[in-house]
Structures are given as structure tokens and as C-alpha cells.
Amino acid sequence: MMSQPQVMKDPGQAQRLRKARRTALIVAAFAVAFFLFSILQMVWLQHAGPAH
Amino acid sequence: MAHAATHDHHDDHHGAPKNFFTRWCMSTNHKDIGTLYLVFSLTMLFIGGSFAMVIRAELFKPGMQLVQPYFFNEMTTMHALVMIFGAIMPAFVGLGNWMIPLMIGAPDMALPRMNNLSFWILPFAFTLLLSTLFLPGGGPAGGWTMYPPLSLQGDSVAYVVFAVHLMGISSIMGAINIIATILNMRAPGMDLLKMPVFVWSWLITAFLLIAVMPVLAGAVTMLLTDKYFGTSFFNAAGGGDPVLFQHIFWFFGHPEVYIMILPAFGIISEIIPTFARKPIFGYKAMVFAIASIAFLSFIVWAHHMFAVGLPLGAEIFFMYATMLIAVPTGIKVFNWVSTMWGGSMTFETPMLFAIAFVILFTIGGFSGLMLALVPADFQYHDTYFVVAHFHYVLVTGALFAIIAASYYWLPKWTGRMYSETWGKIHFWNSVIWVNVLFFPQHFLGLAGMPRRIPDYNVAFANFNMISSIGGFLFGASQLIFLGVIVHAVWFSKKKATDRVWEGAKGLEWTVPSPAPFHTFDVPPVIHDEDLAHGHVDH
Amino acid sequence: MTCGGIRPDGFKRAVPLKRAVAWTTAILASASGAAWANPEPGQLNMTRGVTEWSPTPYMLNNVVLGVCTVIGILVFGAMFIAMFRFRKSRGAVAEKWAHNTKVEIVWTTVPVLILIVLAYMGTGGLRSFADTTGSQMTVKVTGYQWKWRYDYVDYKGKAIDKVGFMSKLDSRSDETRQLNSGLDPNAVKASDGYNTYLIDVDHPLVVPVDTKIRFVITAGDVIHSWWVPQLGWKMDAIPGIVNSAWTNIREPGTYRGQCAELCGQDHGFMPIVVKALPKAEFEKWLADQQAKAAPPAPAAASTAQAPKTAQIAPAPSHQG
Ligand code: HEM
Ligand SMILES: [Cu+2]
Ligand SMILES: [Cu+2]
């Protein structure tokens with residue numbers, strides 16, 4: 001149902017697209033890590049006592 | 001869709017789906033999604049603007065005339081949330097969506113389906129957020145900064161947190177898409193250091209988004225668990241610390257303000273060279289300045305917290321780090337002025353807004369420098385002086401850049417010229433009234449008027465009235481903007497040329513106006529002299 | 001006595017700079033007037049304040065404002081010259097250059113030097129502010145939704161018992177500020193004719209002049225911020241944390257401020273009034289209060305008004 005993304009007619013572009021998907025995954029992993037880290041750090045601080 | 005057409009074919013019957021629902025709701029096309037973002041952002045601008053009108057109406061004169069204090073607080077909170085997350089950020093994403101593929105010679109964004117999802121989350125997020133105003137418990141009223149314990153007193157915490165999560169997911173997906181696109185989808189020959197400054201600014205902004213939106217999500221998640229699941233992250237009675245929230249919030253919050261200005265820097269760096277007919281001064285310095293501002297934005301967050309009782313060493317560190325940002329910011333301003341110097345300038349509407357940006361954003365930068373000095377900030381903090389500061393950088397900064405970009409690229413989007421006369425009328429009204437609106441707020445803050453109050457002593461009456469008058473007229477002026485856009489999209493008879501502006505350089509001006517549904521099916525061959533600074537030695 | 005002096009010499013060193021911009025600051029400073037009443041209608045600049053510390057933010061504000069004004073005139077001036085000289089309509093032809101290492105070095109280093117001077121001045125003031133030692137009096141300030149509580153802890157080395165009271169918006173202002181009350185804010189005035197709408201309280205904080213007073217500041221519910229512009233600082237009142245700050249008021253008088261951290265619906269309606277008395281008068285006032293507090297029957301409405309939360313001691317401090 002979703003309208004189809006543009007078809008790549010150029011082999012170079014199809015190749016770049018594959019690399020782009022890998023980049024996207026790596027960046028997404030970072031985002032998830034930052035989210036977890038922000039909470040875990042607070043949990044840790046609560047156990048270790050406030051920072052100041 | 002195995003239709004082989006050259007990209008500069010004028011018929012687009014093979015392109016955009018005819019069915020309205022399929023075309024807009026199911027879109028995977030970067031131009032249509034860009035348009036959706038921009039329309040959404042304009043809608044939010046008017047919704048957020050109407051909240052501002054309520055605020056300025058109540059503050060028109062001393063005494064409570066229109067709304068209850070609690071509702072006033074809902075208005076200030078919602079105004080900020082809607083403007084930041086609904087108007088400014090989506091506008092930049094929309095501009096990025098439309099222009100980045102055109103500027104780097106890519107056929108579309110790298111992840112077109114995710115692009116659709118990023119956008120379509122937003123209307124739901126804002127429906128959720130705005131719906132709280134109509135619910136029995138009322139909307140959030142603890143400020144956009146959501147400091148606990150106050151923010152936890154509201155009944156709308158779960159709604160707001162969920163809405164913020166949705167906005168965050170949308171922004172993160174948008175940022176992932178932009179990074180993947182810029183890093184991988186450039187046409188052969190479009191080296192990183194040949195990219196337009198706007199593309200650079202978005203690349204760096206996207207990294208900021210990836211780093212800080214998850215942190216905001218973490219912070220509001222902890223608010224949620226503190227409220228409903230018995231944790232005490234920020235609850236002093238349970239061993240938590242309310243100040244820790246402020247640290248996490250501003251670790252997000254300061255980079256966030258740069259998320260709202262770096263793409264604006266990019267836009268201004270496109271427009272000024274075009275209308276000065278001279279390449280941008282110090283291209284590499286401009287890119288490097290953006291990168292260093294982005295880096296520094298991670299180590300200055302506590303300048304929002306000088307009055308919470310930080311240790312002396314922390315106050316000094318954050319003061320120095322904050323002041324450092326003035327250096328790359330200054331470089332940018334000097335470079336824009338130098339680009340104009342020795343040029344051959346004309347003053348069409350985009351250029352007028354860009355020039356106003358340079359002056360008025362710099363005024364906001366000056367007050368930022370003043371705020372960075374801790375002893376002085378003990379006085380300025382949480383007064384109207386801060387309100388004046390961030391409206392100079394956000395309204396005459398970010399918003400003016402968005403408006404400038406809209407005028408600049410509108411002919412490329414619609415294929416028709418907007419009315420230059422009405423554009424200029426819009427400009428002069430905006431630039432005059434915005435100053436009437438915000439300049440007196442410096443005085444109010446210096447004289448001691450706290451921010452976020454619905455009523456005030458009569459000593460503050462005169463400047464508040466001036467400010468409110470400026471506010472109403474600035475708000476009304478934006479209706480002219482709406483009129484100019486409607487005219488340009490549906491009624492204008494004046495066809496735009498492909499290049500549109502005499503001095504315009506860059507790949508986006510090599511495609512027809514309006515830009516066809518699909519562009520760069522086949523990567524363009526890059527000629528350095530087509531680029532804004534491809535052949536210039538820096 | 002040593003009061004953590006504010007090092008006025010830090011500013012003497014800045015005098016040449018200050019003189020260069022004196023015209024701007026003079027205009028703005030005069031507009032704020034020598035009057036100690038604050039705020040004044042039409043006031044354009046920060047108050048100089050009335051304490052040992054308060055000239056620090058004031059002078060810093062004037063200097064940095066002057067610096068920004070000069071830079072602004074240079075940059076915007078250059079821009080307007082460019083806009084005039086290099087217009088296409090005047091036949092200007094665009095040049096090709098886009099780079100100039102020499103000027104770029106200049107406009108990177110000159111701002112750095114200016115910032116170093118400003119940073120130096122900002123730091124000099126801060127150290128004295130952070131030093132709350134050597135105080136002769138301690139007052140505990142507690143913020144509540146939406147009033148302040150003041151407890152006198154000690155004076156001249158002697159602990160004070162049972163002198164403490166709630167301080168909230170005066171009833172005239174409170175009636176006037178109700179939605180469509182029909183009452184005129186202009187009519188809310190002190191005996192000297194000064195308009196006190198929303199900046200007057202039932203029980204002001206009474207303190208002596210020429211005394212280094214240490215404030216310990218906390219809150220009972222949400223975050224508030226205690227701010228009197230003429231004292232030259234604000235400090236957040238945070239539940240579970242005890243912050244401290246100090247003042248040494250030089251002039252007897254009544255100084256008005258407001259809560260400066262959003263704290264709920266009546267955040268705009270919890271002002272602060274500090275009444276600074278000559279030492280002898282203050283001591284007499286304090287003696288009266290202690291006498292009133294001494295008999296078993298609790299005195300007046302002051303302590304009785306304390307809400308339940310006021311009885312709960314804030315969680316232990318972990319903050320200096
Ligand atoms: C020269 C660069 C800048 C400096 C040195 C600076 C400094 C500051 C400081 C110290 C504050 C805290 C004031 C206080 O609460 O007491 C502040 C607040 C703020 N700034 Fe800036 N700023 C700069 C540029 C910007 C830019 C570019 C933006 C956004 C586009 C921005 C947006 C804001 C906002 C939104 C706030 C208020 C946040 C809130 O409390 O709600 N600033 N700035
Ligand atoms: Cu900041
Ligand atoms: Cu408050």
C-alpha cells in the first residue's frame with residue numbers, strides 16, 4: 001500500500017543505498033545506547049549517593 | 001514504476017500518485033514528505049502563536065483580566081513545547097528533506113519508508129499533547145523545562161511524557177536518515193568539502209540530535225517512573241535529587257538550542273552568497289565553527305543552573321566554557337559580513353530576512369554573553385532578560401532563517417514566484433514589530449520582572465504594554481506570510497526559472513522549477529563551477 | 001571584620017575599559033536612578049543595589065553591555081557600509097576572494113582577549129560570593145507554595161529560639177489580583193505613595209544593616225527561588241537541599257523582590273520584602289519577638305499559620 005520508494009536505476013546508487021542502511025543501523029545503536037546510559041547512570045548515582 | 005524518464009522531464013504523470021491518501025499519507029518521496037513537514041510546522045507556528053497571544057493579552061496591563069494563573073502557566077508551557085518541538089524543529093527537518101537530496105545529487109533520502117514514519121508520528125504526538133488542554137486535569141503547567149517536583153504535580157504527566165517520547169523518536173529517526181543520506185548518498189564528485197554549508201550544518205545537527213534526544217527521553221522516563229512507579233530519582237524524600245533532573249535536562253537542553261540554530265546558520269550561509277553574488281567567505285572556517293559550537297554545546301549545560309547552588313569550581317568552569325562559544329559564533333558573524341563586503345548585492349525578501357537575522361541574532365548572542373557571566377546571571381536568571389535573549393536567538397534567529405529559506409526555495413518548490421511586494425511588506429512588518437515585542441523585555445528583566453508570571457507590579461506596566469502591542473502586530477504580520485505562500489502555491493502567474501536567482505549556485509538550481517517528483521535518478525555529473533564554492537580555493 | 005570582601009579593586013582595574021563605554025552606561029545607569037525603591041517605572045538598567053556585594057553584578061553588567069555595544073556598532077556599522085557600497089544597483093561588481101588569513105586571525109584572537117578580561121572580572125566577584133564564612137547572623141528561608149517562611153537561627157553568636165514566621169502576599173494585592181476583581185492595581189500603595197501591588201507582604205523579613213547575614217535556603221514542596229534585586233543575587237530554594245548565600249546591607253530601607261522559579265499557579269504572587277533596620281532598632285525588634293515567643297501561649301498567627309509541611313524538617317543537606 002505504501003507508495004514504492006524510487007527505483008534506483010544506477011548501480012552505483014544501489015550500492016550507496018546498501019551502505020547507507022548500514023550507517024543507519026550503527027547510528028540507531030548509538031541512540032539506544034545513549035538512552036539506556038542516561039537512565040543507568042542515574043540508577044548508579046542513586047546507589048553511589050549524589051554527586052555533590 | 002519501471003518508467004525510464006530523464007529527470008528534467010516536465011510531465012510528472014509517472015511520478016506523484018493521483019490518489020490524495022496514497023500521495024500524502026503513504027508517501028516515500030522526500031519532496032512530499034518535506035512539504036508535509038513544512039505544512040505541519042506552519043500549522044504549529046500558528047497554534048503556538050495563538051498561545052503567545054493569550055500570554056501577551058493577559059500581560060497587556062497589570063491586574064488579572066482574562067485567564068486564571070494556572071491556565072496562564074499552561075499557556076507558557078504549551079507555547080514553548082509547541083514552538084520548539086512542533087514549529088522550529090520540524091521546519092528544519094522539512095527543509096532538510098526537501099533540499100539535502102537536491103543539494104548532494106541523491107535521488108531521495110536513504111530510508112524513504114522510515115522518513116514517512118518519522119513524519120507521521122508527529123501529528124499523533126501533538127494531538128496527544130494538545131488534547132491535555134481539554135482534559136479535566138488540564139495540560140502541563142510546570143514549564144517546558146518540566147522541573148520536578150513541580151511538573152509531577154500535574155495530572156498530564158503521562159500524556160506529556162508519551163508525547164515527548166514520540167517527538168523524540170521522530171527526531172531521532174529523522175536524524176538517522178539525514179546522517180545515512182549525507183554520508184552515503186552523495187553523487188560521485190560531491191566531496192564532503194564541496195557540500196553546501198546547509199548540508200554540513202544538518203549533518204552536525206543530526207549528530208547532536210542522536211546524542212541528546214535519547215537523553216531527554218531518559219529524563220522524562222524517570223519523571224514517569226517517579227510519578228507512577230514509586231522510584232525516587234528526583235524525589236528528595238526518597239533519597240533522590242531534584243537538581244539531577246536539571247543536569248540531565250540541560251545536558252539535552254543546551255545542545256537542543258543549537259539544534260535549533262545550526263541549520264539556520266546553514267541557511268543564512270546559502271542565502272547571503274547568492275544575493276551578494278560572491279562565494280561564502282571562509283567556507284572551511286564556517287564548517288569548522290559549526291563543528292566547534294556543536295562540540296562546546298555539550299560542556300556548557302550548567303549555565304542554565306547558576307542559581308541552583310553549584311560549587312564554586314563548577315560555576316567557574318561553566319562560565320568559561322560558555323564564554324568560549326562566543327568565539328566561533330563571532331567568526332560566523334564576521335564571515336557573513338565579509339561575504340557581503342565586496343559583493344554585488346540585491347535585496348530580495350530572502351536576503352532581507354537573512355540580513356535581519358545576522359543583526360538580530362547577534363544581539364541575542366550579546367545577551368547570551370552577558371548571561372554567561374555568573375555574578376550578573378545571579379540577577380538576570382529567570383527574568384524577562386532571559387526571555388528577551390532566547391527570543392532574539394529563536395525568533396529573529398531560527399524563525400527568521402526558516403522564513404528566509406521559505407522565500408528562497410519557494411520558487412523551486414512551486415515553480416512560481418511569490419509576490420516580492422508582499423514579501424517585503426511581510427518583512428518590514430516582522431522586523432519592526434518583533435523588536436517592539438522583544439526589545440523592551442530586556443528592560444523589564446533588568447528592572448526585576450521575573451519570567452513566567454501572569455501579573456506584575458505597575459512599575460512594569462509601560463514596557464509590558466509596548467511589548468504586547470508589538471506581539472499582536474508581529475502575530476498579525478505572520479498572516480501576511482500565510483497569504484504570500486497561498487498566493488505563490490495556487491495563484492501566482494509568474495513562472496520561476498530553473499536558476500530562480502541570478503547569483504544562485506548549487507545542484508538544486510540545476511533541476512527544473514518546480515522540482516519534478518523524481519530527481520537525480522541518475523547521479524548528476526558534478527561541475528565544480530556549478531557549486532557555490534566548488535572551484536573556490538579556501 | 002572580614003566579610004569575604006568583594007574586591008572592588010577588580011573593577012578599578014577595568015576603569016579604562018569602562019570609561020570608553022561610559023556614555024552608554026551612564027545613560028542607562030542614570031535611568032535606573034539613585035533611588036533605592038525598586039522597581040521604578042521606566043527603569044532601563046539593573047539596580048546598583050544596597051549591599052556590599054550588589055555592585056558586582058551591576059558593574060559587570062555595565063561593562064559587558066558596553067563591550068557588546070562597541071562590538072555591535074563596529075560589526076553592524078561595517079555591515080551597513082557594505083550594504084550601501086556594494087549594491088548591484090550602484091553598479092558594484094562582485095569580487096572573487098573568499099578568504100583572508102590575516103583578518104581571520106585578528107577576529108579570532110581579539111574576541112579571545114576581550115573574553116579573558118571579562119572572565120577575569122566575573123571570577124573575581126564570584127569568589128567572595130561563595131564565601132559565607134564570618135557571618136554574624138543566620139536566617140533560614142523556606143519556600144512553600146506560595147509563601148516564604150523565615151526562621152531566625154542566630155545573631156551575634158547566640159542562638160535564637162522560636163523567632164520565625166510565614167510571609168505571604170499582602171491582602172490588598174491579593175484581593176486586587178483576583179480575576180476581574182474590579183480593583184485597580186494602581187491603588188495599591190505604601191504610605192509613601194510607592195506602588196506595592198504584588199510586591200508587598202504581611203510580615204517582612206526584618207534584618208540589621210552592616211551585618212554579614214548568612215541565609216540558608218531550602219523549600220518544603222517544590223523548587224522556588226529567593227530573589228531581592230537590591231541584594232544582588234537569587235538562590236534557588238530546593239526541597240531536600242540547603243543552599244547558602246550571604247548579604248551585608250549598607251542602607252536601611254525596604255527592599256522588594258519576588259520568587260524567581262516557577263512554582264505553580266501562584267508563583268507570581270509570593271513576593272519577598274526585606275526591611276533593613278539600623279542595628280539598634282533591629283536588636284529592639286528582635287528582643288520584642290523573643291519576648292512574644294517566650295510565654296507558653298504561642299504568639300500571634302505567625303507560627304500557627306505554618307502548614308503541615310512546615311513541621312517536616314527538610315531531608316539532610318548534601319550541598320555546601
Ligand atoms: C553566544 C551564544 C550563547 C550564549 C553565551 C548563551 C547563553 C545562555 C545562558 C547563560 C542562558 C541561561 C540564562 C538563565 O537562565 O539565567 C541561556 C538561556 C537560553 N538560551 Fe542562550 N546562549 C547563546 C546562544 C543561544 C542560542 C543560539 C539559542 C537558540 C537558538 C539560545 C537559546 C536559549 C534558550 C531557549 C534559553 C532559555 C532556556 C530556558 O530557561 O527556558 N541561546 N543562554
Ligand atoms: Cu544554554
Ligand atoms: Cu515561584
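**View 1. The contact between chain B and chain C.** In this predicted model, 97 residues of chain B and 99 residues of chain C take part in the contact. The two chains bury about 8000 Å² between them, and carbon and sulfur atoms give 70% of that area. On the chain B side, Trp341(B), Phe378(B) and Gln379(B) supply 9% of the area buried against chain C, more than any other three residues.

**View 2. Polar contacts and the salt bridge across the interface.** Between chain B and chain C, 21 residue pairs are in polar contact, with both residues at pLDDT 80 or more. The count of salt bridges between these chains is one. Glu502(B) and Lys88(C) form this salt bridge, and their closest N and O atoms are 3.1 Å apart.

**View 3. Helices of chain B that face chain C.** Several helices of chain B each supply at least two residues of the side that touches chain C, among them H3 (69–104), H7 (242–259), H12 (349–372) and H16 (461–491). The largest share, nine residues, comes from H11(B).

**View 4. The copper ion (ligand 3) in chain C.** Cys259(C) and Cys263(C) coordinate the copper ion through SG, Glu261(C) through O and His267(C) through ND1, at 2.1 to 2.5 Å. Along the chain, the donors follow the spacing C-x1-E-x1-C-x3-H. Both Cys259(C) and Cys263(C) are buried.

**View 5. Angles at the copper ion (ligand 3).** The four donor atoms make angles of 84 to 131°. The site is classed as irregular, because tetrahedral sites require all angles to lie between 85 and 135 degrees.

Technical notes
Residues numbered from 1 in each chain as written. Chains lettered and ligands numbered in written order. Predicted model: local features only at pLDDT ≥ 70, side-chain atom pairs only at ≥ 80, totals over all residues. Heavy atoms only, no water. Donors = N, O, S within 2.8 Å, 3.2 Å for Na, K, Ca; no water. Tetrahedral: all angles 85-135°; square planar, octahedral: opposite > 155°, others 65-115°. Buried < 20%, exposed > 50% of the residue type's maximum accessible area, 1.4 Å probe, protein only. Contact = heavy atoms within 4.5 Å. Buried area = accessible area lost by both parts, 1.4 Å probe. Salt bridge = Lys/Arg side-chain N within 4 Å of Asp/Glu carboxyl O. Polar contact = N/O pair within 3.5 Å; in protein donor to acceptor, adjacent residues only side chain to side chain. Helix = DSSP H or I, 4+ residues; strand = E, 2+ residues; numbered from the N terminus.
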